[in-house]
Amino acid sequence: MPKKTSAAFKLSLAGDWSIGGVADQLPVLTHTLASLLQSQDPKKKHASEAQSNPEIDLAKVTALDACGCQLLVCFHRTLQQYGISLRLSNIPDGFMTKIRQLGFGRDFNLSH
Amino acid sequence: MNHTEQDASSIDLKRFNQVFFEECAEHLVEMERILVSLTDAGPDEEQLNAIFRAAHSIKGGAGIFGFQDMTVVTHVLESLLDCVRNHEIPFHPTMVDLFLEAGDVIAMQLAGHREGAQVSQESIDRIRVKLQQVIDAGSGVARSEIDHAAGTGETETVSAIDSALPPTVCYDLEFSPDPDIFKRGIRLESLFAELEELGELTVTAKIPAAKDFSTLDPEICTSSWHLTLVTKASEAEIRDIFEFVADEDQLVVREVSPEPDPSQAASSLEGSCDEGLSKVLHRDGISNADAETVDPALGRRTYDRNELAPAAFGRRGGEAESSIRVGVAKVDQLINQVGELVITQLMLAQTASNLDPVVYENLHRSLLQLERNTRDLQQSVMSIRLVPISLVFSRFPRMVRELATKLGKQVELKTVGETTELDKGLIEKITDPLTHLVRNCIDHALETPEARIGAGKDPAGTIILKASQVGGRIIIDVIDDGAGLNRAKILAKASERGIPATETMTDEEVWQLIFAPGFSTADAVTDISGRGVGMDVVLRNVQAMSGKVNIVSEAGKGTRVTISLPLTLAILDGLSVAVGEEKFIIPLNAIIESLQPTTEQLKTVNGRTVVQVRGDYIPLIALFELFNLSTPVTSPAKGILVLIDVEGEKAALLVDTLLDEHQVVIKSIETNYRKVPGTAGATILGDGRVALILDVNSLLQMGK
């Protein structure tokens, strides 16, 4: 179950983020998006300092493929429109390679 | 995907196992065919690619269908083939044996999965180690050659190696896949990993500007990819990787720098290609931990997990299939039903024959049309079961190659008429007899190169396998240009074994002696032949198919063994005869003639009635006695004698009368009733009655 901490916004993702499970994961992101945007000034369309760089924790993600990467990038792009930039953390080694291999590394500013 | 869908998916994969088995077997045959056709000059690029593709497809298929054990050997085989085709390791003729051995091991694994046959793990480990050793040794040799050349200033050697390799090229690839590519289970990471094996690859995903996130369908692919590949591979090789994944218009490949300096290729990439490119992904740059978690590239079929998808495996919507696979049982069922239709048509024709042709003119015309259509339909359906004899012939190049090597002989195998088709059932049964004949040719008939040179012949002997269709029969010739059969030796051996033989026998009769059980003139018994088990088996097997074997041989020039087979086992040309109230069908190919004997022609020899026909005394077999039937025609002089000939042995069948010539559909009487001695089956005649089809071979035995 995704967890959010109040101090620095952190979303812990879990489970299957491949084609087999992305449909089930979408509501998690939709809900997060809504709560992130709710707390900011809609006119400014900019996030508060505390929420401008939320963290997505991938430690508990069991599967990730191009489909999951695409969803995360879309989520990221949507947030970017509001001045929010995601940061991936605790990326399992295999997933790090996979994200880069699939060409999504730049979207998450992953170091090489 | 929920559990139900997963279960369904697993069932689907099981359903397709059979497809994989058949495809895998075909790939192995193709691989073997190319390998045994290679000369010492080695394979050309096309042949190497074809062998590679076969190994690649087997590996991919095995991965998809969960036969991971089969990917072990194929993986290392594919790696070696890849090194050879990329000129990283030079081809050596001994590799052919290694590849063939690898193919054998894969075939053994296939048989293990398909038929539950025993699998030798030792063989798997052995071939895997051997292949890996060649890769390691080959790479070492290549490296040491370059190092040595560099160290001693022999730059021309390095240049020679460099110039022999294709130039390094930088390609820009734009890949815009189908929106349903994720749903098809295609694993893009495997696809890109395979590309990466061709050279230095950079990948950038391009995602269009975000729309309303809440309406996003995460399973639809909206991304496209820009890839840059610095490689010595050709555009065709790159496209080959996308073969079953992308349509022509979904992949754009552009050559951006024709021949960059390889040493600067990686750095030039940064400048020449899109500014947003990720850093170059070096194969060696992936940590061991990453390598463990990243699935190995299992070949292109691994990408396409959902085989039922319309676009799976490169299938495009609406694309016509050139062939379909249908189970033999379904074809047999169809043949059986058409057989019933033929019988029904015959019944109608018989009933209509009693009707006035003037009054019922239209009916008669329609029935004639029905007869034509039924025959056409029957022929079309029968042709479904026909398969090319190349399926049998294709096994011999390798066998000949191996036996010739073993025996120190030089043999050239030629095949003629490989497209000749015969019934699938016959194909399966003819394989063993042909194998015996070819082995005999190599072991006994063909001389050693020295002996051939001494006899003024080419040191390499020739074996010709020739198939052709003559009328309703298939003729298969096994021809060699060896020493020919030794008449004196055969007669001496026959006499030694107590087989009746005289010097006055014709050559044809003498050659027939070699079909006697246990007959062998070989001086030494080898593990190949010479035990006298073979030619009698050949004859028995061929006769079981209603076939004949004929031999023509000339001393010093060679031998021709001719096998004559019916086109199919499902229908038969026969003559219907009556005995009392019963009707029988005698196969037309066994009938020599029929006659009404005079009392002078009938004799008794050793208590048996014989009929004298042009000097020959032919034993008489009265069918009414054999089948215990009551008939007014018990005297041969009052009935008709049908003379039959089975492999030179003749007999006269006493019947009441001859009825008609038919093409009958053979039905198994054993399945529906029980085995009736002297019969080969039954058929249903136009009047609806069952007629037994006589087995002339067993009739002769019963007559004795």
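Let's start with N90(A), which you'll find in the loop between β4 (87-89) and α3 (93-101) of chain A; helices (H or I, at least four residues) and strands (E, at least two) are DSSP runs, numbered from the N terminus. This is a predicted model, where local features need pLDDT of at least 70, side-chain atom pairs count only at pLDDT 80 or more, and totals for chains, interfaces and linings use all residues. Residues are numbered from 1 along each chain as its sequence is written, chains are lettered from A and ligands numbered from 1 in the order in which they are written, and side-chain values use heavy atoms, with hydrogens and water left out.

Back to N90(A): its phi is positive, about 50°, although it is not a glycine. At 46% relative accessibility it counts as partly exposed (buried means under 20% relative accessible area, exposed over 50%, partly exposed in between, using a 1.4 Å probe and protein chains only). Chain B has N606(B), another non-glycine with a positive phi of about 50°. N606(B) sits in the loop between β15 (602-605) and β16 (608-613) and is exposed, at 79%.

Now for two glutamates. E55(A), in strand β3 (residues 55-64) of chain A, is buried at 16% relative accessible area. Its side chain makes a polar contact of 3.2 Å with that of R87(A); such a contact is a pair of N or O atoms within 3.5 Å, where within protein one must be able to donate a hydrogen and the other to accept it, and residues adjacent in sequence count only if both atoms are side-chain atoms. Over in chain B, E78(B) belongs to helix α3 (residues 68-85) and is buried too, at 8%.

What about the rings? Over all chains, the whole structure has seven aromatic pairs: rings of Phe, Tyr and Trp (its six-membered ring) pair if their centres lie within 6.5 Å, with planes under 30 degrees apart counted as stacked, over 60 as edge-to-face and the rest as tilted. One of them is F75(A) with F213(B), tilted, at 5.6 Å centre to centre and 50° between the planes. F75(A) lies in helix α2 (residues 66-80) of chain A and F213(B) in the loop between β2 (199-206) and β3 (224-231) of chain B, so this pair joins two chains. Both F75(A) and F213(B) are buried.

Another tilted pair is F175(B) and W225(B), with centres 6.2 Å apart and planes at 35°. Ring pairs link F104(A), F175(B), F192(B), W225(B) and F242(B) into a cluster.
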